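User: Could you walk me through the aromatic rings in this protein? I have the sequence and the model open.

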Amino acid sequence: MEEKKAPLVNTCSFMGINPIMMELPYPAIQVRERNTAYANLLSIDYCGAVSEMSAITQYINNENRLACEKCPMAKTLLGIAMAEMIHLQKLGELIYLLGGTVDFAAKYRNGRQILWTPEYLDIPENARKMLFADIEAEEKAINQYATHMKMIKDDWVNAVLARIIKDEEYHIMVLRALMEEV
């Protein structure tokens, strides 16, 4: 008689997870005027190599790979991914208001357009390297947002970017705390 094996089950429940972000309101999503150059800069933040789309996908991938063995850590990464989704949504609204298109193509000043690709992701093999890659990606995002803020002369757009930076800085703090656990 064949012995029945128990099914493999992930007991990590993700119900009730909330975005992990600063408890501060976002500024109104508004722009001074249409400016496709600004929209194109934001398209890079939206779906370029260093972007919210890359961050969301990398966090979800890491969360999936950690869920069975490191449930609390996986839940935290999902919460951060949810905050990144809010950033993506805010950037999409700004791009649209600025007269740009939201089509997963990062638009560069030289006229080049590059569709988002999973090749942008860093997929390390263990939790410590995952967290390190996530911290590195958050730092790059902050630097890119700061650079774009210097190029954008619209206080309303820059207020949203400054608010996103606050979340990214908070994510680094949370990720560094997780590094202490691995």
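Analyst: Happy to! This is a predicted model. Rings of Phe, Tyr and Trp (its six-membered ring) pair if their centres lie within 6.5 Å.

User: How many aromatic pairs does that rule give?

Analyst: Ring centres are what the rule looks at, with a limit of 6.5 Å. Applied here, the count comes to two.

User: Is the pair of Tyr 46 and Phe 104 stacked, edge-to-face or tilted?

Analyst: Planes under 30 degrees apart count as stacked and over 60 as edge-to-face, with the rest tilted. For Tyr 46 and Phe 104, the centres are 5.6 Å apart and the planes make an angle of 45 degrees, so the pair is tilted.

User: How many residues apart in sequence are the parts that this pair ties together?

Analyst: Tyr 46 belongs to helix α1 (residues 36-47). Phe 104 is in the loop between α3 (71-97) and β1 (105-107). The pair therefore ties together parts whose separation in sequence is 58 residues.

User: Which kind of pair do Trp 116 and Tyr 120 form?

Analyst: Their ring centres are 6.5 Å apart. The planes meet at 75 degrees, so this pair is edge-to-face.

User: Is Trp 116 buried or exposed?

Analyst: Buried means under 20% relative accessible area. Trp 116 has 18%, so this residue counts as buried.

User: Which Arg lies over the face of Tyr 26?

Analyst: Two charged residues are worth a look at this ring. Lys 90 has its charged end over the ring of Tyr 26, 5.1 Å from the centre. At 4.2 Å from the ring centre, the Arg over the face is Arg 163.

How values were computed: Residues numbered from 1 in each chain as written. Predicted model: local features only at pLDDT ≥ 70, side-chain atom pairs only at ≥ 80, totals over all residues. Heavy atoms only, no water. Helix = DSSP H or I, 4+ residues; strand = E, 2+ residues; numbered from the N terminus. Buried < 20%, exposed > 50% of the residue type's maximum accessible area, 1.4 Å probe, protein only. Lys NZ or Arg CZ within 6 Å of the ring centre and 35° of its normal.
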